[in-house]
Amino acid sequence: MAIDVINCKRCGKLFQRVTSKKLCPECLRELEEKFNEVKGYIREHPDTTIMEVSTENDVSVEQIKQWIREERLEFTNSEGADIYCISCGEAITTGKYCDKCKDKMAHSFNELYRKETPVREKEQRKEGGAKMRYLGRE
């Protein structure tokens with residue numbers, strides 16, 4: 001098993017990566033503290049814009065947008081967030097997709113599942129149902 005040692009994307013310090021994050025534990029902690037400050041600010045100022053949040057909390061607009069895309073933050077109106085659905089381009093308040101596109105995707109997945117299910121059932125009936133067996137390996 002290889003050890004994954006990388007440089008922190010933020011501070012450049014060398015560290016052993018144990019998660020998918022490319023930040024060292026110290027920078028992750030600082031970023032989480034900054035997130036909590038931003039969250040508190042938005043709670044106190046619900047009609048704020050992303051630029052105001054950035055300026056008042058000394059956080060980049062891109063970092064705030066990342067938290068919005070991760071659905072960790074949500075703005076009360078789509079104009080303040082300056083975030084758009086990656087599928088249709090409609091203004092949204094959180095995440096990556098608007099409600100309409102989420103519904104379309106959910107419907108597509110449900111339809112795909114419905115089409116797949118009968119095939120599996122036919123195969124199982126043909127084979128006499130799903131059974132387990134022991135492969136005599138030593």
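Tutor: Let's start with Val59, which lies in the loop between H2 and H3. Keep in mind as you look that this is a predicted model. Is Val59 buried or exposed? Its relative accessible area is 8%, and buried means under 20%, so Val59 is buried.

What does Val59 touch, once its neighbours within four places in sequence are left aside? Its contacts are Lys34, Val38, Ser54, Ile64 and Trp67. Take Lys34 as one of them: Val59 and Lys34 are 25 residues apart in sequence, yet their C-alpha atoms are 7.7 Å apart in space.

Helix H2 covers residues 50-57 and helix H3 covers residues 61-69; they pack with their axes 9 Å apart, at an angle of about 120 degrees. The two helices are therefore oblique to each other, and their crossing is right-handed. On the H2 side, the contact is made by Ile50, Met51, Val53 and Ser54, while H3 brings Val61, Ile64, Lys65 and Ile68. Sorted by type, these residues are six nonpolar, one polar and one charged.

Some of these names return in the largest nonpolar core, which has 24 residues. The members that touch the most others are Val38, Val53, Ile64, Trp67, Ile68, Leu73 and Phe75. Helix H1 (25-44), H2 and H3 are the elements giving two or more residues to this core, and H1 gives the most, with six. In general, nonpolar side chains tend to be buried together in soluble globular proteins.

Technical notes: Residues are numbered from 1 along each chain as its sequence is written. This is a predicted model: local features need pLDDT of at least 70, side-chain atom pairs count only at pLDDT 80 or more; totals for chains, interfaces and linings use all residues. Side-chain values use heavy atoms; hydrogens and water are left out. Axes are lines fitted to C-alpha atoms, for helices over the stretch in contact, and angles run from 0 to 180 degrees between N-to-C directions. Helices (H or I, at least four residues) and strands (E, at least two) are DSSP runs, numbered from the N terminus. Angles under 35 degrees count as roughly parallel, over 145 as roughly antiparallel, 65 to 115 as roughly perpendicular and the rest as oblique. A crossing is left-handed if the near helix is turned anticlockwise from the far one by less than a right angle, and right-handed if clockwise. Contact means heavy atoms within 4.5 Å. Ala, Val, Leu, Ile, Met, Phe, Trp, Tyr, Cys and Pro count as nonpolar, Asp, Glu, Lys and Arg as charged, and the others, Gly among them, as polar. A nonpolar core is a set of buried Ala, Val, Leu, Ile, Met, Phe, Trp, Tyr and Cys residues joined through side-chain atoms within 4.5 Å. Buried means under 20% relative accessible area, exposed over 50%, partly exposed in between (1.4 Å probe, protein chains only).
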